[in-house]
Amino acid sequence: MSALDPRQALAERLGIEVPAPRFDSPAQVGDLLAGVDYLPSSEIAAVTFLADRLAKPVLVEGPAGTGKTALAAAVAAATGSRLIRLQCYEGLDESKALYEWNYRKQLLRIQAGRRADETASWSDLEEDIFSDDFLLTRPLLEAITAPDPVVLLIDEVDRVEIETEALLLEILSEYQVSIPELGTVRARQIPMVFLTSNATRELSEALKRRCVFLHVGYPDPERERDIVTTRVPGIATQLATQIAQMVYSLRQLPLRKAPSVSETLDWARTLVILGHEELGPDVAAETLHVLLKYQSDIAAAHEALLSGE
Amino acid sequence: MFDLLSRFIAELRRVGLPVSLSEHVDAASAMEVISIGERETFKSVLAATLVKDSTYRDAFDTAFEVYFAGRQEGDLDLGPGGDSGTSPAGPERSEKEWSEDLVDALAEENEPALRDAARGAVERYAGFERGRPVGGAYYRYRTLRHLDLDAVTERLSALELIGPTDNELVEKLNRDEAERRVSHFEDLVDQAILERLVEDRGAEAVADSTRETLPEDVDVMHATRDELADLERALAPLSRKLASRLARRRRRRRRGPLDMRHTVRASLSTGGVPLDIKFRPPRPAKPDLVVLADISGSVASFARFTLHLVHAISEEFSKVRSFVFVDGVDEVTRFFAETDDPGVAAQRIATEADVVAFDGHSDYGRALERFVEMLGADVTRRTTVLILGDARSNYHPARPEFLADLRERVKAIYWLNPEPRGYWNSGDSVIALYEPHCEEVLECRTLRQLEEFVSSLP
Ligand SMILES: Nc1ncnc2c1ncn2[C@@H]1O[C@H](COP(=O)(O)OP(=O)(O)OP(=O)(O)O)[C@@H](O)[C@H]1O
Ligand SMILES: [Mg+2]
């Protein structure tokens with residue numbers, strides 16, 4: 001794909017060598033991730049593969065507890081990269097996301113200069129206090145400047161105000177950061193970037209255009225069973241199968257809050273601790289509260305699954 | 001191949017999906033990376049570049065099935081073709097053998113065998129006729145009628161896929177799993193039918209009859225059960241979208257008090273001189289909103305969606321009160337106060353609101369009288385009143401004077417009518433009598449129109 005190869009184009013703009021692709025095929029992505037105990041759907045594997053080949057960030061969206069954050073961590077582990085994480089929250093700003101001038105240190109430097117009755121010109125001083133020494137690197141800049149392979153995770157991006165999203169745009173499309181006082185800092189390598197969102201807020205078109213999009217929903221029963229067997233050591237296969245199936249059946253009901261994968265895992269661990277090897281109505285009834293948070297949902301589950309017709 | 005992509009994207013735009021030029025370019029790059037022959041992977045990567053809103057994914061999938069129907073490695077040309085290959089497995093086989101094979105394939109989740117079985121079934125039972133202008137539903141019906149999938153489901157659950165049926169829970173789980181697999185097989189039958197149709201008529205023609213309406217464009221009053229369920233699911237993301245758009249607009253409108261910390265920090269790039277003054281986000285005064293909604297049969301869904309949407313953006317108002325009516329009026333603000341999920345509250349209205357005072361037929365005159373009485377003095381010049389309904393008052397007196405009186409005391413009254421404008425004032429619709437007392441009466445039939453109206457509220 002030489003003519004259109006986005007990685008080559010990006011590498012040229014950054015003035016770096018075209019890096020080798022991380023993965024050979026979507027199937028290999030699947031194998032590598034399974035090697036670090038993350039079991040992706042074929043869609044998750046395909047889009048991860050694509051993102052690497054297109055040198056584009058992945059915007060991962062989906063309900064809580066479905067493995068969005070874990071995906072980025074697993075990709076880092078599987079590719080031997082360092083995970084750099086920016087946890088988003090309301091009020092996050094440039095100084096926490098990108099960089100900040102260490103202004104206490106700068107003020108001290110300015111005052112030190114005065115006291116010494118320095119004759120140096122302002123421009124010398126300016127050059128001095130706006131140099132790397134006075135720069136506090138935050139996750140985004142850190143990911144860009146890292147010499148070693150990194151995976152950048154921008155977690156829960158829907159929590160920042162839409163204005164703050166603008167801070168991300170330059171990094172996401174150009175893999176560079178402009179610092180007015182220093183100039184443009186370009187990436188030394190092309191990191192894999194994951195953004196996660198629970199869709200509590202609509203993200204800007206500008207952000208979405210720069211990313212490939214991955215919706216992570218609930219796994220089908222077979223994959224959920226495998227997740228349970230991988231993540232809960234010592235669980236009986238029979239029990240894992242039944243747990244996955246029960247959770248699947250529950251998610252078909254009109255619940256206020258459908259159980260997430262993490263809740264499935266909590267439930268599985270509970271059942272193992274209680275020494276169960278298979279599922280029956282009594283066991284399920286006693287432990288349902290681990291899986292469902294609302295009383296009305298528990299009642300609905302009883303009605304649909306546990307009250308023998 | 002790139003021509004095929006362009007035609008596909010043109011179809012997505014006809015559906016209403018926004019696809020930008022850069023996304024088109026990304027999709028083209030994706031096609032270079034994954035071969036079209038790896039159909040499922042190909043679909044995933046194409047979706048990743050073209051669909052950035054998961055409520056549009058169903059519509060994308062439908063269009064994908066049409067434009068990339070049955071295409072395999074090596075038949076990338078555009079002409080009708082893309083032969084599905086294998087004929088129904090083996091020569092004449094009895095129906096019994098056939099369904100045994102199907103049960104086996106389902107039990108093993110053998111995807112190639114299932115696809116083959118679906119194509120075979122369509123071949124055999126659909127009675128496909130070239131050029132005959134019927135839709136897929138006709139062939140689907142003819143195919144499934146022969147298959148007796150209920151019996152297949154029975155036999156599949158008897159295989160105890162999930163575990164030995166020694167209690168009712170596991171029995172239920174076995175059945176659910178059997179149903180899930182059989183319904184997947186039905187999807188494969190649909191796909192096989194689509195392949196045949198596309199072969200016969202070409203993608204564009206088939207797309208015209210299979211195109212999915214995006215949830216926000218479905219006519220609420222005439223929605224099918226499935227469409228209503230889709231709407232229901234689209235509503236939560238839609239209302240979040242709206243909420244964040246409004247919040248953004250509000251923040252942009254005015255600037256707030258001085259932000260000292262930001263100002264000092266910014267001043268450092270100018271040697272400590274605060275040239276660039278930073279402000280905190282503002283807190284502008286917000287209006288009050290009062291909603292009155294007809295929840296009688298025909299307009300019930302519309303009322304529910306609107307109340308959900310309005311309460312999802314309740315942060316935009318200093319206060320929201322909601323009333324519902326049929327021939328009696330009940331205030332339902334409390335339902336929304338008791339939960340942070342407006343969907344749940346809107347559901348409760350249907351079962352718990354006390355709105356029938358007489359015969360259970362909408363009576364707008366009586367409702368307005370009671371509504372104005374219940375509002376009492378709790379309205380001001382900052383109050384916006386929103387009335388939802390078709391103004392079909394079952395020939396009861398309309399009593400517009402109550403609306404006229406209310407208008408004197410509030411900022412504005414808007415009326416949203418979910419009926420097509422052409423039906424207004426026919427039969428027992430008395431919307432013309434109310435119109436003079438409203439700021440505006442709008443036709444509002446889809447979530448998109450509803451969203452546009454709500455976001456335009458001053
Ligand atoms: N495919 C998977 N393979 C293995 N483990 C998984 C998988 N999906 C989810 N999990 C497990 O489920 C749990 C929840 O995952 P995670 O925290 O990544 O969810 P999330 O989608 O980021 O949720 P939130 O939106 O709440 O942040 C983790 O313990 C993770 O290991
Ligand atoms: Mg997370």
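**Salt bridges between the chains.** I began with the interface of chain B and chain A in this predicted model, where I find 2 salt bridges; the rule asks for a side-chain nitrogen of Lys or Arg within 4 Å of a carboxyl oxygen of Asp or Glu. One I looked up is B:R57 with A:E43, at 2.9 Å from N to O.

**Ground rules.** I note that residues are numbered from 1 along each chain as its sequence is written, with chains lettered from A and ligands numbered from 1 in the order written. Local features need pLDDT of at least 70 and side-chain atom pairs pLDDT 80 or more, while totals for chains, interfaces and linings use all residues, and side-chain values use heavy atoms, without hydrogens and water.

**Polar contacts and the B side.** I get 9 residue pairs in polar contact between chain B and chain A, both at pLDDT 80 or more. A polar contact is a pair of N or O atoms within 3.5 Å; within protein, one must be able to donate a hydrogen and the other to accept it, and residues adjacent in sequence count only if both atoms are side-chain atoms. Helix 9 of chain B gives the most to the side that touches chain A, with 9 residues. I take helices (H or I, at least four residues) and strands (E, at least two) as DSSP runs, numbered from the N terminus.

**Extent of the interface.** I see 48 residues from chain B and 56 residues from chain A in the contact, meaning heavy atoms within 4.5 Å. The buried area is about 4,400 Å², with 61% from carbon and sulfur atoms; this is the accessible area (1.4 Å probe) that two parts lose on being put together, summed over both.

**Ligand 1.** Next I turned to the 18 residues around ligand 1, of which A:L39, A:G65, A:K68, A:T69 and A:A70 come nearest; to be near, a residue needs a heavy atom within 4 Å. I find oxygen atoms of ligand 1 at 2.7 Å from a backbone N or O atom of A:G65, at 3.2 Å from a side-chain N or O atom of A:E156 and at 2.8 Å from one of A:N198.

**Within chain A.** Finally I counted salt bridges over all chains and got 53. In one of them, A:R138 meets A:E100, with the closest N and O atoms 2.8 Å apart. A:R138 sits in the loop between strand 4 (135-137) and helix 8 (139-145) of chain A and A:E100 in strand 3 (residues 99-101), so the pair ties together parts 38 residues apart in sequence.
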